[in-house]
Amino acid sequence: MSTDAHEHQELRSAVAALAARCGPDADELWAEAGKLGYLGVNLPAEYGGGGAGITELAVVLEELATAGRPLLLLVVSPAICGTVIARFGTGVQKRAWLPGLAAGTARMAFGITEPDAGSNAHRLATTARRAADGSGDWLLTGRKVFISGVDTADATLVVGRTEEARTGRLRPALFVVPRDAPGFTYRRIPMEVASPEKQFELVLDEVRLPADALVGEEDAGLQQLFAGLNPERIMTAAFATGMGRYAIGRAVAYARTRQVWDVPIGAHQAVAHPLAQSHIEIELARLMLYKAAGLYDAGDDAGAGEAANMAKYAAAEAAVRAVDRAVHTLGGNGLSTEYGLASLITAARVTRVAPVSREMILNYVSHRTLGLPKSY
Ligand SMILES: Cc1cc2nc3c(=O)[nH]c(=O)nc-3n(C[C@H](O)[C@H](O)[C@H](O)COP(=O)(O)OP(=O)(O)OC[C@H]3O[C@@H](n4cnc5c(N)ncnc54)[C@H](O)[C@@H]3O)c2cc1C
């Protein structure tokens, strides 16, 4: 495993160059990245993707974030939705979605979080049942919150539950819900996060979907869900490490030139050491991120699960600290709009709580890795 393989260096430079030459509009960057094949680098070549892995998609997002231009929907559209459809979709679903997701001309949001479930996915209450008319159609009812990018997505991949015929137990299942489906409404949630991608509350009121809106098997939903959630954690780690690199880069540039005594402020160890600490923390998180991506690309879902959780944890903590230290390095300018760092304070914290919170990862490691008993 290496984060410095020659082809990755080329990919890194090319993505950084794209971010530098593209205007400030996120849609323009998305479209250009799609044309150049970066958005679907992980998707199968036979459906218009790059035929590479989540490693390469993480490289793309990390470099965009390092340039200060992260595209949040990369975490969702090609990484979660594209992966799930590529691995478990029918031929029809793959042909319908993958070429567009790869080119960036189609986008898909991902909806799992619910107001009364949050971190506890076992409480998901969005339920799908078959229509009584024998058509095979599904009727999907429930509510979702904090779903990113629904307004620009052609459809949302919604995690619902179906009733197992034999036992009556509810099992997770994934449904493609088009944005214009009757009974599907969305409302923007005001957030204090400076990001082009917005968050939405979704209401699904008996949304009627054709039988083939179900992605994958009705009774293998959990395994399929996790196939998408590991890439989500890996990509969030890429988002966070890139944001951390961006913040530290800005702080270092400032500390080299800002002078209020006889030397630049970066010569004071009280300024330099926190930046050095953050650099180390980010590099350590990157090692775990590319370890997780390598395991995932090698087909080791179980090994990737643990590593992806640890990488997301380490990257988020590193990013939150890096942004805090960077803002402080700039003194008053750190909190000005002009220098653009203060808005990262909330953005970095998003990676600490989403898509899975710091505490839920600590719980995972406590129980799964260390074998400690559960409190909940
Ligand atoms: C900007 C943003 C974008 C998002 N985008 C999406 C999206 O596109 N799709 C989507 O589905 N979701 C999305 N989310 C939702 C996100 O995944 C959830 O916010 C996250 O999973 C936490 O759920 P919650 O907010 O309900 O918190 P809760 O589950 O209510 O948790 C609140 C606090 O309690 C702690 N806690 C809960 N249970 C335990 C426990 N057992 N032990 C210890 N501590 C515990 C948590 O760690 C957390 O600190 C987004 C969120 C944000 C902020």
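The model is predicted. The protein is assigned three domains: domain 1 (6-106), domain 2 (109-218) and domain 3 (222-369). Around the ligand there are 22 residues, and domain 2 and domain 3 each supply at least three residues to this shell.

**Domain 1 and domain 3**

- The centres of domain 1 and domain 3, taken over C-alpha atoms, are 21 Å apart.
- Contact between the two involves 22 residues of domain 1 and 21 residues of domain 3.
- On the side of domain 1 that touches domain 3, the elements giving two or more residues are α3 (54-66) and α4.
- Helix α3 has the largest share of that side, with 10 residues.
- The side of domain 1 that touches domain 3 consists of 14 nonpolar, five polar and three charged residues.

**Ligand shell**

- Of the 22 residues surrounding the ligand, the closest are Gly-118, Ser-119, Ser-148, Ser-357 and Glu-359.
- Two or more residues of the shell come from each of β1 (108-111), β3 (138-148), α9 (344-353) and α10 (358-369).
- By class, the shell around the ligand has 13 nonpolar residues, eight polar ones and one charged one.

**Helices α4 and α6**

- Helix α4 (residues 73-88) and helix α6 (residues 221-257) have axes that come within 9 Å and cross at roughly 155 degrees.
- Because angles over 145 degrees count as roughly antiparallel, α4 is roughly antiparallel to α6.
- The crossing of α4 past α6 is right-handed.
- On the α4 side the contact is made by Leu-74, Val-75, Ala-79, Ile-80, Thr-83, Val-84, Arg-87 and Phe-88.
- On the α6 side it is made by Gln-224, Ala-227, Gly-228, Pro-231, Glu-232, Met-235, Thr-236 and Phe-239.
- The contact of α4 with α6 comprises 10 nonpolar, four polar and two charged residues.

**Helices α6 and α7**

- Helix α7 (residues 269-297) packs against α6 at an angle of about 155 degrees, and the two axes are 9 Å apart.
- The two helices, α6 and α7, are therefore roughly antiparallel to each other.
- The crossing of α6 past α7 is left-handed.
- Helix α6 contributes Asn-230, Pro-231, Ile-234, Ala-237, Ala-238, Thr-241, Gly-244, Arg-245, Ile-248, Ala-251, Val-252 and Ala-255 to the contact.
- Helix α7 contributes Val-271, Leu-275, Ser-278, His-279, Ile-282, Ala-285, Arg-286, Leu-289, Ala-292, Ala-293 and Tyr-296.
- In the contact of α6 with α7, 16 residues are nonpolar, five are polar and two are charged.
- Pro-231 of α6 is listed in the contact with α4 and also in the contact with α7.

**Helices α4 and α5**

- The axes of α4 and helix α5 (residues 91-103) come within 10 Å, crossing at roughly 155 degrees.
- Helices α4 and α5 are therefore roughly antiparallel to each other.
- The crossing of α4 past α5 is left-handed.
- From α4, the contact takes Ser-77, Pro-78, Cys-81, Gly-82, Ile-85 and Ala-86.
- From α5, it takes Gln-93, Lys-94, Trp-97, Leu-98 and Leu-101.
- By class, the contact of α4 with α5 has seven nonpolar, three polar and one charged residues.

**Backbone features**

- Most residues other than glycine have a negative phi, and most peptide bonds are trans.
- The peptide bond joining Ala-354 and Pro-355 is cis, with omega about -5 degrees.
- Pro-355 sits in the loop between α9 and α10, and α9 and α10 are among the elements that give two or more residues to the ligand shell.
- Phe-146, a residue other than glycine, has a positive phi, near 65 degrees.
- Phe-146 belongs to strand β3, another of the elements that give two or more residues to the ligand shell.

Terms used
Residues are numbered from 1 along each chain as its sequence is written. This is a predicted model: local features need pLDDT of at least 70, side-chain atom pairs count only at pLDDT 80 or more; totals for chains, interfaces and linings use all residues. A residue is near a molecule or strand if its C-beta atom, placed from the backbone, lies within 6 Å of it. Helices (H or I, at least four residues) and strands (E, at least two) are DSSP runs, numbered from the N terminus. Ala, Val, Leu, Ile, Met, Phe, Trp, Tyr, Cys and Pro count as nonpolar, Asp, Glu, Lys and Arg as charged, and the others, Gly among them, as polar. Domain bounds come from an automatic or database domain assignment. Axes are lines fitted to C-alpha atoms, for helices over the stretch in contact, and angles run from 0 to 180 degrees between N-to-C directions. Angles under 35 degrees count as roughly parallel, over 145 as roughly antiparallel, 65 to 115 as roughly perpendicular and the rest as oblique. A crossing is left-handed if the near helix is turned anticlockwise from the far one by less than a right angle, and right-handed if clockwise. Two residues are in contact if their C-beta atoms, placed from the backbone, lie within 7 Å.
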